Amino acid sequence: MKRVFLFLLTNLAVMLVLGVVLSIIMSALGLSHRSLGGILLIATVFGFGGSFISLFMSKWIAKKSTGAQVITKPSNETEQWLMNTVATQAKKAGINMPEVAIYDSPEMNAFATGPSKNNSLVAVSTGLLHNMTQDQAEAVLAHEVSHVANGDMVTLTLIQGVVNTFVIFAAKVLAGIVDNFINSDEEEGGSSWTYFLFDMLFQVLFGVLASVVVAHYSRKREFAADNGAAQLVGADKMRSALERLKQNHPSQLEGSMMAFGIASGKGMAELFSSHPPLDSRIDALRK
C-alpha cells in the first residue's frame, strides 16, 4: 500500500506540474489542443517531462518505497565493508562516491538509481548480505556501480521519453481521425467521448509495444553492466553471483529500480523482461 500511495501521489504531482507548464507554453505560442503542433507539444511535455521528473525524484522515491536506510556512518563491519567496497569501485570506474543504503527484503538483490553519474544511490537488500559470499556481494555491487558509470539511468530516461512521446502523439492523432470519421456530422472532432475512448485504447496498445523497445534496451545494458563488473572485480566473481541468484526469491523491485537491479522477477515473457535469462548472462561472461 505504501508503494501504491507513493506511485499515485508522485504521478498526480507530475501531472499537475506538467499541466500548468503546458498551459503556459500553449498560451504563449497560441497553439490549439487539436492542432498537430499542439498535439506534438502535449506529447513532448508529458512524454519527456514525466520521465525526467521521475529521474530527478528517483533517489527519494527509491528510499521511500523500499525503506532503504542510507549509511551515513558505518555502525558495524558489514556497513564499513559496503562503504569501502563501493568507494573503491567508484574510484576505479571514475565516478563520485554514490550514496550506499540497505533495505529489508528476503530477496538477493540490489539496485542503482539517481539523476546522474555523480549523484547516485546504490542499495543492497538484507537478503543479499545474508545469503551471498563476500566475493559474490562484491560482484553485485560492481554490477550496480557499472550501471551508474555507464550512465544507464539517464539513457533509459531519454529512451523512455522518446517512446512516451511517440505513444501519446500517435494515439491522439489516430483517435482524432477515428473520432472525426464517427462523428463527422454530429460533434466537433476531438471533443466527444469516442475521442477519449480511442485515445486511451491506442495509448494502451502503443504503450505495450513501446515497453518491448524499452525492455530490449534494458536487457542489453544488463550484459554491459555484467561486463563492467567483470572488469572491476573479475569475471569469476560475477559468474558466481549470477549462479547464486538462481536460488533467489522473486523480485519485489519495480520500475527503474527493477531495470537497474541485479535480478528481476521470474516468469515474465522474455520480450517484456528487463533482464536476460541468468544462463545467458553467465554464458556471455564465459565468452
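# Close-up views of the predicted model

**View 1. Buried positions along helix H2.** In helix H2, the buried residues are Gly38, Ile39, Leu41, Ile42, Ala43, Val45, Gly47, Gly49, Gly50, Ser51 and Leu55. The coordinates shown here and in the other views belong to a predicted model. H2 covers residues 36-56, which is 21 residues. From the first C-alpha to the last, the helix reaches 30 Å, close to the 30 Å expected at 1.5 Å a residue.

View 2. Gly50 is a residue of helix H2. Its relative accessibility is 16%, and because the limit for a buried residue is under 20%, Gly50 counts as buried. The C-alpha atoms of Gly50 and Thr157 lie 9.5 Å apart in space, while the two residues are 107 residues apart in sequence.

**View 3. Val21 of H1 and Gly49 of H2.** Val21 belongs to helix H1, which spans residues 2-29. With 34% relative accessibility, Val21 counts as partly exposed. Gly49, in contrast, is among the buried residues of H2. Along the chain Val21 and Gly49 are 28 residues apart, and their C-alpha atoms are separated by 9.8 Å.

View 4. Ser58 is located in helix H3. Its relative accessible area is 7%, so Ser58 is buried. The Ser58 side chain comes to 3.3 Å from the backbone nitrogen of Gly114. Leaving aside residues up to four places away in sequence, Ser58 touches Thr113, Gly114 and Pro115.

**View 5. The salt bridge between Lys63 and Glu99.** Lys63 and Glu99 form a salt bridge, and their closest N and O atoms are 3.2 Å apart. Across the model, the count of salt bridges comes to 13.

**View 6. The salt bridge between Arg286 and Glu243.** In this pair, the closest N and O atoms of Arg286 and Glu243 are 3.9 Å apart, and the two residues form a salt bridge. The pair links distant parts of the chain, with Arg286 in helix H11 (residues 278-286) and Glu243 in helix H9 (residues 235-244), 43 residues apart. Arg286 has a relative accessible area of 53% and is exposed. Glu243 is partly exposed, at 31%.

View 7. Asp279 forms a salt bridge with Lys246, where the closest N and O atoms are 2.6 Å apart. Since Asp279 lies in helix H11 and Lys246 in the loop between H9 and helix H10 (255-259), the pair ties together parts that are 33 residues apart in sequence. Asp279 counts as partly exposed, at 44% relative accessibility. Lys246 also counts as partly exposed, at 34%. Salt bridges that share partners join Glu243, Lys246, Asp279, Asp283 and Arg286 into one network.

**View 8. Packing of helix H8 against H9.** Helix H8, residues 193-233, packs with H9 at an angle of about 130°, and the axes are 7 Å apart. That angle makes H8 oblique to H9. On the H8 side the residues in contact are Asp226, Ala229, Ala230 and Val233. These residues meet Ala235, Lys237, Met238 and Leu242 in H9.

**View 9. The whole chain, for orientation.** The secondary structure consists of eleven helices and four strands. The chain has 287 residues, and buried residues make up 47% of them. Of the contacts with a separation of 6 or more, 68% are between residues 24 or more positions apart.

Methods: Residues numbered from 1 in each chain as written. Predicted model: local features only at pLDDT ≥ 70, side-chain atom pairs only at ≥ 80, totals over all residues. Heavy atoms only, no water. Salt bridge = Lys/Arg side-chain N within 4 Å of Asp/Glu carboxyl O. Helix = DSSP H or I, 4+ residues; strand = E, 2+ residues; numbered from the N terminus. Buried < 20%, exposed > 50% of the residue type's maximum accessible area, 1.4 Å probe, protein only. Polar contact = N/O pair within 3.5 Å; in protein donor to acceptor, adjacent residues only side chain to side chain. Contact = heavy atoms within 4.5 Å. Expected span 1.5 Å × (residues − 1). Axes fitted to C-alpha atoms, helices over the stretch in contact; angles between N-to-C directions. Parallel < 35°, antiparallel > 145°, perpendicular 65-115°, else oblique.
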